[in-house]
Amino acid sequence: MITCFLKYEIDPAKVADFEIYAKAWIHNINRMGGTHHGYWLPSEGPSDLAWCAFSFPSLAAYESYRVEMETDPACIATYQHSARTKCIRRWDRHFTRPVLEGESPADLGLM
């Protein structure tokens with residue numbers, strides 16, 4: 001599994017526009033074979049930062065999604081929304097691998 005973690009710098013006056021973008025991407029990713037883990041929008045603290053994470057079963061599946069999204073009408077419309085509203089100032093994308101199962105410290109040889 002590969003997980004893409006994104007950090008966005010957004011326009012604080014356009015959080016509602018960014019939320020529309022976020023909801024559309026959750027739908028798009030899930031529809032195209034990924035698992036979207038959600039968006040986290042500003043609440044307390046900095047008003048211009050947001051995050052999201054989504055996963056694909058493999059890097060190859062993610063790469064297939066990247067090719068498909070270039071011509072997908074819903075993905076194109078979502079990108080056009082962000083360009084039209086200018087709700088996103090910049091973003092950083094990081095690829096990670098999740099650790100989803102816990103083990104006791106004793107079983108891990110820590111005790």
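Student: Which helix holds Thr 78?
Tutor: This is a predicted model, in which local features need pLDDT of at least 70, side-chain atom pairs count only at pLDDT 80 or more, and totals for chains, interfaces and linings use all residues. Residues are numbered from 1 along each chain as its sequence is written, and side-chain values use heavy atoms, with hydrogens and water left out. Helices are DSSP runs of H or I of at least four residues, strands are runs of E of at least two, and both are numbered from the N terminus. Thr 78 falls within residues 73-85, which form helix H3.

Student: Is Thr 78 buried or exposed?
Tutor: Buried means under 20% relative accessible area, exposed over 50%, and partly exposed in between, with a 1.4 Å probe and protein chains only. The relative accessible area of Thr 78 is 6%, so Thr 78 is buried.

Student: With which residues is Thr 78 in contact, leaving aside its neighbours within four places in sequence?
Tutor: Contact means heavy atoms within 4.5 Å. By that criterion, the residues in contact with Thr 78 are Tyr 21, Ala 24, Trp 25 and Asn 28.

Student: How many disulfides does a search of the whole structure find?
Tutor: A disulfide is a pair of cysteine sulfur atoms within 2.5 Å. The search of the whole structure gives a count of zero.

Student: Which cysteine sulfur is nearest to Cys 4, and how far away is that sulfur?
Tutor: Cys 4 is in no disulfide. Its nearest cysteine sulfur belongs to Cys 52, at 6.7 Å.

Student: Is Cys 4 buried or exposed?
Tutor: The relative accessible area of Cys 4 is 2%. Cys 4 is therefore buried.
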